[in-house]
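Here are my notes on the model, as numbered points. Please read them with the structure open.

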Amino acid sequence: MDLALWALAALFTPLFPLSWLFNRLVASLPAGAIQGFAVLVLPQLGIEILHRAPQGPLCSAAFRPWVMALATASALLYAVRALSARELGVWTRLVLCSGLATVWLAWAVGAPVQVLQLMALGWGLPAAVALYLTGVFVRRVGGAYVGLHGGLVAVMPRMTASLVFAVLALTVTPVFPAFFMLWKGLGSIPVAWLPFWLPLIFLWGWAAGRLFQDLLFGDYRGEPMTDIGGMSVALIGFVFLASLIVSVIGSGGASWR
């Protein structure tokens, strides 16, 4: 593959160090639905570049273990960074970059493009929901630093419930799409790589727990806010249900080897 095309793929489907540019690009967009749309579309664009680019030395079997090593390091780096993030948009982008690194792992072991697309979708959809809700926070309170308010469930139960579902989906909790796709990926990599990836699941759960501690517990400290509407919650629920059905069908029907 041409080096420039490989770099574009690593930018749009973020892989360290080009993941830094991906973060800056998404952060430069208006908070809310536009950022959510970007994290859905850009990784798919990166996968399409990977699929259509001509083969070359960077796609050789000898190079792919280096991609696996870089993907592992990238995923661990962003998972650790997410532990200290308290701004919802930053937290979402960090966990998303950590999760999308697994797409490169799947590519390195020869997964078909349909599986790569489903993996990106499994992380992109909950990230898009979380970024949309981040925009709601920004418009209503001027920022999305969840630790400043605490106890949001008391004043915005529908929004908090939607955000909890998005966070659980983004951190590969069972029954959510990313879980099925990651399970498929972990079943396809050499056993020697598993010790590097199992701590990643723990880090994702830890990051979610830290966020929930700031979001759900304690007394609310702030001005009264209007919750999101029931139609928004229903739409978010439909998106999660549809993505779950697609991921179960896709992960069950795709053969990696």
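1. Ser 162 counts as buried because its relative accessibility is 5%; buried means under 20% relative accessible area, exposed over 50%, and partly exposed in between, with a 1.4 Å probe and protein chains only. Ser 162 is found in helix 7. Helices (H or I, at least four residues) and strands (E, at least two) are DSSP runs, numbered from the N terminus. Leaving aside neighbours within four places in sequence, Ser 162 is in contact with Leu 133, Ile 228, Val 233 and Ile 236, where contact means heavy atoms within 4.5 Å.

2. On provenance: this is a predicted model, in which local features need pLDDT of at least 70 and side-chain atom pairs count only at pLDDT 80 or more, while totals for chains, interfaces and linings use all residues. Residues are numbered from 1 along each chain as its sequence is written, and side-chain values use heavy atoms, with hydrogens and water left out.

3. How far can the coordinates be trusted? The pLDDT is the predictor's confidence in each residue, from 0 to 100. The chain has a mean pLDDT of 79, with 81% of its residues at 70 or more. Where pLDDT is low, the predicted coordinates should not be read in detail.

4. The chain has 10 helices and 0 strands. Of its 257 residues, 52% count as buried. Among contacts between residues at least 6 apart in sequence, 82% join residues at least 24 apart. The chain exposes about 11,200 Å², and carbon and sulfur atoms supply 73% of that area; accessible areas come from the Shrake-Rupley method with a 1.4 Å probe, and for residues only the protein chains shown count as cover.

5. Back to helix 7 (residues 157-170): its 14 residues reach 20 Å from first C-alpha to last, close to the 20 Å expected at 1.5 Å a residue. The expected span is 1.5 Å times one less than the number of residues. Buried residues of helix 7 include Met 159, Leu 163, Val 167 and Leu 170. Just after helix 7, Val 172 takes a positive phi of about 60°. Helix 9 (residues 194-216) has 23 residues and reaches 33 Å, close to the 33 Å expected. Among the buried residues of helix 9 are Trp 197, Trp 204, Phe 212 and Asp 214.

6. Which residues touch the most other members of the largest nonpolar core? They are Trp 91, Trp 104 and Trp 123, in a core of 82 residues. A nonpolar core is a set of buried Ala, Val, Leu, Ile, Met, Phe, Trp, Tyr and Cys residues joined through side-chain atoms within 4.5 Å. Helix 6 (residues 113-141) gives the most to this core, with 15 residues. Leaving aside neighbours within four places in sequence, the contacts of Trp 104 include Trp 6, Pro 14, Leu 50 and Val 67.

7. The count of aromatic pairs comes to 4. Rings of Phe, Tyr and Trp (its six-membered ring) pair if their centres lie within 6.5 Å; planes under 30 degrees apart count as stacked, over 60 as edge-to-face and the rest as tilted. Trp 6 and Trp 104 form a tilted pair, at 5.5 Å centre to centre and 55° between the planes. This pair links distant parts of the chain, with Trp 6 in helix 1 (residues 3-12) and Trp 104 in helix 5 (residues 88-108), 98 residues apart. Trp 104 and Trp 107 have ring centres 5.7 Å apart and planes at 75°, so their pair is edge-to-face. Trp 104 and Trp 107 are 3 residues apart in helix 5, so about one helical turn separates them. Both are buried. Trp 6, Trp 104 and Trp 107 form one aromatic cluster.

8. Two loop positions are worth a look. Glu 87, in the loop between helix 4 (64-82) and helix 5, counts as buried because its relative accessibility is 15%. The C-alpha atoms of Glu 87 and Thr 134 are separated by 8.9 Å, although these residues are 47 apart along the chain. Pro 17 is in the loop between helix 1 and helix 2, and the peptide bond from Phe 16 to Pro 17 is cis, with omega near 5°. Most residues other than glycine have a negative phi, and most peptide bonds are trans.
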